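Have the sequence and the 3D view open as you read.

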Amino acid sequence: MSGRIDRRQDFPLLVGPEGAELTYLDSAATAQKPEVVLAALAHYYRYDNANVYRGVYSLAARATAAFEAAREKVARFIHADPDEVVFTRGTTESINMVAWAWARAELKPGDEILTSEAEHHSNLVPWQEAARATGAELRFVPLSEDKTVSVDSVLGAISQRTRIVALAQVSNVLGNLPLEVARISEAAHRVGAVVLIDGAQSVPHLPIDVHAMDADFVAFSGHKMMGPTGIGVLYGKRQILAAMAPFHFGGEMISHVDPEVSTYKDAPQKFEGGTPPIAQAIGLGVACDYLSGLDMAQVMAHDRRLGELAASRLREVPGVHVYGPRGDRMGVVSFNLDGVHAHDVATALDQQGICVRAGHHCCQPLMRQLGVAATARASFYAYNTEQDVDKLTAGVLSTMEFFHHVAR
Amino acid sequence: MSLADLYREIILEHARHPQHKGPLDGPVTLQAGLDNPTCGDEVVVQVRLGPGGLVEAAKFDGVGCSISMAAASIMSEMLVGRTLAQVKELTESYTAMVSGQKAPTDDLQDLVAFAGVAQFPMRVKCAALPFHALQKGISRYEGGI
């Protein structure tokens with residue numbers, strides 16, 4: 001497995017006079033889009049645009065076929081069946097759907113929701129609200145020394161009262177290697193709990209087989225995997241989706257409507273009330289095919305190589321702190337410079353054409369665990385190369401120089 | 001626009017060695033805290049008015065980037081000896097400058113160093129944060145809250 005991918009030329013934003021100067025290191029926030037995805041969006045609106053399911057004319061049939069073909073592509077990408085793929089607006093809506101439609105029906109006082117303090121707010125706040133609404137209790141997996149979640153500590157924290165385990169497979173701050181979900185699922189299922197995996201940072205970056213993971217729910221976003229914004233996925237096991245009540249009520253999710261009472265379609269349509277993001281779903285399907293063409297095992301090896309290289313280079317710079325695991329990691333590297341606020345680091349790097357994120361990364365409890373107010377974060381994807389790591393390292397060195405020496 | 005245009009020496013100096021930082025000892029006439037939830041910056045401003053309605057003491061506390069901390073430091077220095085009307089005038093003049101609506105004027109004194117912020121739209125909030133906290137404290141005080 002070489003893990004060397006150089007596909008920058010496929011991404012219009014990163015070529016051309018301005019783009020060529022750009023070192024884009026914020027793919028954990030959102031990924032750039034390949035030409036094939038942009039072309040698919042334009043093609044849909046130019047030639048196939050109609051509302052799905054409703055029309056009997058052939059244009060509507062074509063739009064519906066393209067939309068359902070996208071569902072099949074996404075299903076293939078995560079090794080699911082198409083009727084287990086619910087289209088949503090993104091990871092946040094996917095998790096909320098479970099926290100409302102599943103949790104509020106299933107949880108009662110005395111039950112436990114197991115999550116961690118390393119989660120993104122989108123996999124924490126919905127559970128706080130679900131706990132408040134049902135009387136269930138929020139429990140947190142003890143974090144390791146590097147503040148990551150380990151499978152062993154999850155297994156130790158699962159109790160007879162646990163009803164749902166909700167964890168990110170890869171942290172958007174720490175860039176840990178993906179959790180072995182199958183082991184968590186096995187232990188959770190033994191006590192009758194379900195497992196929800198926040199896959200926002202894992203599905204775009206590694207081969208995913210939801211059936212092998214045996215998770216009950218997997219949530220992820222299209223825009224972090226080279227697809228458009230406004231589209232995401234909730235994967236759910238067939239029998240759980242069948243038993244779960246809809247979340248959004250309205251058009252196209254019904255089967256029969258009387259003035260007083262209605263019946264609903266089967267999953268996944270019963271969860272997709274209203275006109276869905278059709279073009280976005282089609283774009284996501286094309287992004288899945290593009291990524292499969294790169295080979296997800298290669299994408300993972302590539303991202304890991306750049307993440308590990310960046311982390312070890314930055315660790316060599318005196319006064320730089322790198323968070324997360326030492327050694328093996330994914331392509332997400334959070335760091336701070338002694339005496340320089342992360343926002344000042346990000347502005348200084350921006351002046352050198354380097355885009356990094358700075359702030360709490362929607363992880364305020366984790367920032368407290370790390371003992372910092374904010375961090376800078378570089379994250380890598382298939383269009384990044386070793387040269388980008390070189391630019392980042394040089395940029396960090398000159399930032400350090402500027403704030404500590406030149407302007408003294 | 002270079003980095004040195006944004007991070008003028010006086011800004012870096014105040015960020016490194018903030019003045020008037022910490023809680024205000026003695027009576028506090030008005031105070032307010034404000035945070036920027038997108039970046040985690042937090043600032044609290046405390047002011048005591050003395051005889052003649054002049055600011056007798058001003059302090060700030062908080063955590064944040066060098067822009068927000070330096071702005072809080074220089075602001076606290078400049079408040080002393082001014083009436084609330086003058087403080088409000090200064091605040092308006094400054095926020096108009098950092099948001100690019102107005103050229104720097106002499107009355108801003110050391111705060112003129114923040115003129116470059118207008119070229120960095122993502123940092124305008126940082127520069128304005130302590131002044132927005134001050135405005136909040138003043139309107140609470142004047143509203144009798």
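## About the model

This is a predicted model, in which local features need pLDDT of at least 70 and side-chain atom pairs count only at pLDDT 80 or more, while totals for chains, interfaces and linings use all residues. Residues are numbered from 1 along each chain as its sequence is written, and chains are lettered from A and ligands numbered from 1 in the order in which they are written.

## Chain A overall

Chain A has 14 helices and 15 strands, taken as DSSP runs numbered from the N terminus (helices: H or I, at least four residues; strands: E, at least two). Its C-alpha trace spans about 75 × 55 × 40 Å along the principal axes.

Of the 408 residues in chain A, 52% are buried, meaning that 20 or more other C-beta atoms, placed from the backbone, lie within 10 Å of the residue's own.

## Helix α4

Among the buried ones are I95(A), M97(A), V98(A) and W102(A). Their cover includes α5 (125-134) and the strands β2 (85-88) and β5 (162-168) of chain A.

## Meeting chain B

Here 12 residues of chain A are in contact with 16 residues of chain B; contact means C-beta atoms, placed from the backbone, within 7 Å. Helix α12 (residues 342-350) of chain A gives the largest share of chain A's side, four residues.

Key
A residue is buried if 20 or more other C-beta atoms lie within 10 Å of its own, exposed if 12 or fewer, and partly exposed in between; C-beta atoms are placed from the backbone. Two residues are in contact if their C-beta atoms, placed from the backbone, lie within 7 Å.
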